[in-house]
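Open the model in your viewer and keep the selection tool at hand. We will go stop by stop.

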Amino acid sequence: MSHVAYLLILVACLLGTAPLELVLHVGVYAQWRRLALTLLTVVIGFGTWDVWSIHRGLWNYDGHYLVGITLPGRLPLEELLLFLVIPACAVLTYEAVLARRPDWRA
Amino acid sequence: MYTVSAVLGVGLAAAVDLLVLRTNLLRHKAFWTSYAIIAFFQLVTNGLLTGIPIVRYDPDGILGWHLVFAPVEDLLFGFAMVVVTLSTWVRLGARAPRRAAR
């Protein structure tokens, strides 16, 4: 059970923000191409930073809480998913704020 | 060390927003309101990740100041990620209507 701990945190983030798309209809997942390009940018930039930090020994992961799939650069699968989940949550939040305050759109 | 790279990361992210993509989100209320909400949940998730602890840090690479278990550097890492994410999202959105108008 503990092996899915990190994965469960990510799932909770997705479930917690899902109502913004489903109830507030912010249309973030609906713009999947725009979202995919945004996530790709974050994965490349922050994934590189993460791999470099792991390589330098700045942080490491306790395998006890991971599903056990390790990507090149010793990056746990969950950490890659983090760079998809957190940005998606951020965009959903931003669009939800704009949905409530349309006059704030830059 | 993490402290230096985190400060550099914030600087780079700000440069992306203000100079490269020119989305100027850092000058807008919508960004800071969103960030306030996101930051709260980031403290929760970072707190879980470092409190359990799923992630362990080299004590020599960080200042040693912690916020809900997580090193303060994590807050900077998370802030940089949100800035780059929203700047890219807004830039990609601004392009679409122009293309459609042609």
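In what order do the elements of chain A run from the N terminus on? Select chain A and follow the trace: the order is α-α-β-β-β-α. That comes to three helices and three strands. Helices (H or I, at least four residues) and strands (E, at least two) are DSSP runs, numbered from the N terminus.

A word on the model. It is predicted: local features need pLDDT of at least 70, side-chain atom pairs count only at pLDDT 80 or more, and totals for chains, interfaces and linings use all residues. Residues are numbered from 1 along each chain as its sequence is written, while chains are lettered from A and ligands numbered from 1 in the order in which they are written.

**Chain A**

Stay on chain A. Its C-alpha trace spans about 45 × 30 × 20 Å along its principal axes. Of its 106 residues, 35% are buried. A residue is buried if 20 or more other C-beta atoms, placed from the backbone, lie within 10 Å of its own.

**Where the chains meet**

Now show chain B as well. Here 33 residues of chain B are in contact with 32 residues of chain A. Contact means C-beta atoms, placed from the backbone, within 7 Å. On the chain B side, H1, H2, S1 and H3 each supply at least two residues. H3(B) gives the most, with ten residues.

Next, pick S1(A) and S1(B). They run antiparallel, joined by three bridges; strands pair if DSSP finds at least two bridges between them. Find Tyr61(A): opposite stands Val55(B) in S1(B).

Centre on Ala90(A). Leaving aside neighbours within four places in sequence, Ala90(A) is in contact with Ile38(B), Val82(B), Thr85(B) and Leu86(B).

**Helix H2 of chain B**

Last stop: residues 29-51 of chain B, helix H2. It has 23 residues and reaches 32 Å from first C-alpha to last, close to the 33 Å expected at 1.5 Å a residue. The expected span is 1.5 Å times one less than the number of residues. Colour the buried residues of H2(B), among them Phe31(B), Tyr35(B), Ile38(B) and Leu49(B).

Key
A residue is buried if 20 or more other C-beta atoms lie within 10 Å of its own, exposed if 12 or fewer, and partly exposed in between; C-beta atoms are placed from the backbone. Two residues are in contact if their C-beta atoms, placed from the backbone, lie within 7 Å.
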